[in-house]
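Please look over the sequence and the 3D structure below.

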Amino acid sequence: MSESLVASTPIFTPAVFRRSLGDALEMAHGIDAVAADERAASLAKRSLKKESKVWGLKLVIGMMDLTTLEGKDTRGKVWALCQKAIRPDPSDHDIPHVGAVCVYPTMIPFVKQALAGSGVHAASVATGFPSGQTFTSIKVEETRQVVAAGADEVDMVIDRGAFLSGDYQKVFDEIAEVKEACGPAHLKVILETGELANYDQVRKASLIAMFAGADFIKTSTGKVSVNATLPVTLVMLEAIRDFHHATGKKIGMKPAGGISNAKLSLAYLVLLYETMGTEWMTPDLFRFGASSLLNDVLMQIRKEKTGAYQSGDYFTLD
Amino acid sequence: MTTTLETRDRLAPGAASSSLVEWHYAPSLEATDHFKLASRYNLFIGGEFVAPHSKRWFETINPATEDTLAEIAEADNEDVDRAVREARRAYEKVWRKLAPSERAKYIFRIARLIQEKSRALAVVETMNGGKPIKESRDIDIPLAAAHFFYYAGWADKLEYAFPNRNVAPVGVAAQIIPWNFPLLMAAWKLAPALAAGNTIVLKPAETTPLTSLLLGEIIQEAGLPAGVVNIVTGGPATGAAVAGHKDVDKIAFTGSTEVGKRILRATAGTKKKLTLELGGKAPNIVFEDAPLDQAIEGIINGIYFNQGHVCCAGSRLFVQESIVEPIIRKLRDRIGTLRVGNPLDKNTDVGAINSRAQLEKIQELVESGIEEGAEMFQSSCSVPDRGFWFRPTFFTGVAQSSRIAQEEIFGPVLSVLTFRTPEEAIEKANNTPYGLSAGVWTEKGSRILKMAAKLRAGVVWANTYNKFDPSSPFGGFKESGFGREGGMHGLAPYVSLS
């Protein structure tokens, strides 16, 4: 009888990881948009047990990058956000702190101070956020400075102009340089999927970012009209899964923008669970970039505990 | 060699979950208290539910629990004869004389009533057949209504379907339908026949008669003239009586190739028109440039949709040799995430096997695969103690000559084969007595067109699988049958042209 095709080939041995654009492009096959959308929609229909729901909502809080990225950000605003990040619901000690507070670079020294000893990470956007249309030297220098100022995590943007004009080498090199400038800080690479036109490009950009050294890949800046969606997150998770199989390296995922209610955040967890398994269900490997999600999640947790919805006035606006 | 695959729920918990509750879906059961089944269902003949002349009833069960749902009348020759007589009378006296636009109104009414009662119909379909509620709710019932809507629209436009011809109905149609999509198959058969002006004797499958009988109640409620649609339930003898009745003008059969051949022999030398929609062993062909993760979804949907009880199931997977490794790895992982269990649970992906007989047939063929030396991969998911269940399974190292590559299993069992070139894929794909459907996965448009032209299959899906629409014709090549259902083509078997 014919020899087994599976047993004869060592399919689970990861290849050696190289920082190579060629390897990234080789794995960048097409995505069928209709089927990807269908898969994401079918997973969004799963229904969760009550305990799993509460467990999931707490996990969502722990995975949250509480974000404020506005020109009008002040120390007062950022300080309030940090307090919320450390103790999302002071009346409920079961509620964990969020994953990180995400701000513009100049706020980092202050955020670092406000969060000291709390376990909440300080994250900064960098590299000419949100457009990325500045000189590479400035991007690298900005990264170096925010890390020096205490940022634990850096959220960079890719150069979409270079990407869409086919200059993948430039995109790749820039990420690699920023990664180096990050030193010990974690690097999240924002693809700005809303500007990449289709899922084929999303997959390609995901792979380029991962092969260039990203620790996380992230959908959006929150500054364009189309932000994170379930199918885009699915396509990126599948790229992460393939990259893990190929190299053995675990890369995190961060959908950002547009995730404003608890129900939707749980749909993201279902997508994560079915695509990556429980291994990825940790703040180390999944984050939500959100500003208004937290209060709805808190409200849902309290509803599960008390059986009734409470007025929005019971949840602080920060 | 046999490998039991870990399910998603059994994966080692990650850092986040180690000290906390595990992540579980809720048993999210569709309610069953919004309707009540009768304890006994009679034959629907001449617009009334009548006790069978046979004075015999048989039990119909829920294959997921083996509980009895109701007693169903068993029609004997006398009952079938009465049904055909009623159909003949209704044809000559009423239906053929009715203005086509009036026929359309009745058919539209049936479509709307199916929509109104869709929730109960979906639950009954799932309870009687074992299919997951998400499929009966989202696919079977809406598509059944869509078929009636679609053909209602054709009723007064037949001369546009057959330009420059005189279009007349055929007469009395005997329609025998299978157990895998009970209500949907009834809709496929009834809708075009009614639109073209024929009257009908419908014979539902022995194991899944309930939704057809509920459709009988809907037809009654819609006020269809008595005798236009008659529904006779029973086993193979009833089916043979329906197909063999001398006053039937047209037979439409969907089911096994074996029975199809028997009907073909029995109708030889008669004037009866015949269409057969029979078995399949469809190739699902994945090229190296395919969108892999979506192809995996297509493979899963192709073979595990409705527990593989699908005549057009993509049961032979052909993978280009350069991508065998990632495809097998992804397939293994994906099978572990399939949720097998209570079909009424909205989270269930794979439900119960339709009957004990079918389960035994699946087991027998899977045994033959193991004996022939193929390597089996099977989900380790737990299945309920009662009822008929088979875990999602696939075989690698399958030879073209293996029984599991040749014979229709009609269950959740996939055979994986490989190819090197498009020519080889076409040759192997066509090397079967069947020819109902095929799937092609590639990013290259020109290759899709070439494959579609060369594959000897009635339906070729490109970068998708198991997609159905009332406007699209469906039917087979070779031993998968002849005649088309659906679309404008689906009218042809029900008209006589002059």
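## Sheet in chain A

The model is predicted. In chain A, 8 strands form an open sheet with parallel pairing. The strand order is β7-β6-β5-β4-β3-β2-β1-β8. Strands β7 (252–254) and β8 (288–290) of chain A stand at the edges. Each has a single partner strand, so one side of each is left without a neighbour in the sheet. From one strand to the next, the twist averages 25 degrees.

A:Lys218 has A:Lys254 in β7(A) as its bridge partner.

Helix α8 (residues 168–182) of chain A packs on the sheet. It touches β4 (153–157) and β5 (186–190) of chain A. The directions of α8 and β5(A) make an angle of about 150 degrees.

## Helix pair in chain B

How do α2 (residues 100–116) and α4 (residues 133–154) of chain B pack, and at what angle? The angle is about 165 degrees, and the axes are 8 Å apart. Angles over 145 degrees count as roughly antiparallel, so α2(B) is roughly antiparallel to α4(B). Their crossing is left-handed.

On the α2(B) side, the contact includes B:Ala104, B:Ile107, B:Phe108 and B:Gln115. On the α4(B) side, it includes B:Ile141, B:Phe148, B:Phe149 and B:Tyr151. The contact residues divide into 13 nonpolar, 1 polar and no charged.

How values were computed: Residues numbered from 1 in each chain as written. Chains lettered and ligands numbered in written order. Predicted model: local features only at pLDDT ≥ 70, side-chain atom pairs only at ≥ 80, totals over all residues. Pairing = 2+ DSSP bridges. Helix = DSSP H or I, 4+ residues; strand = E, 2+ residues; numbered from the N terminus. Axes fitted to C-alpha atoms, helices over the stretch in contact; angles between N-to-C directions. Contact = placed C-beta atoms within 7 Å. Parallel < 35°, antiparallel > 145°, perpendicular 65-115°, else oblique. Left-handed = near helix turned anticlockwise from the far one by under 90°. Nonpolar A, V, L, I, M, F, W, Y, C, P; charged D, E, K, R; others polar.
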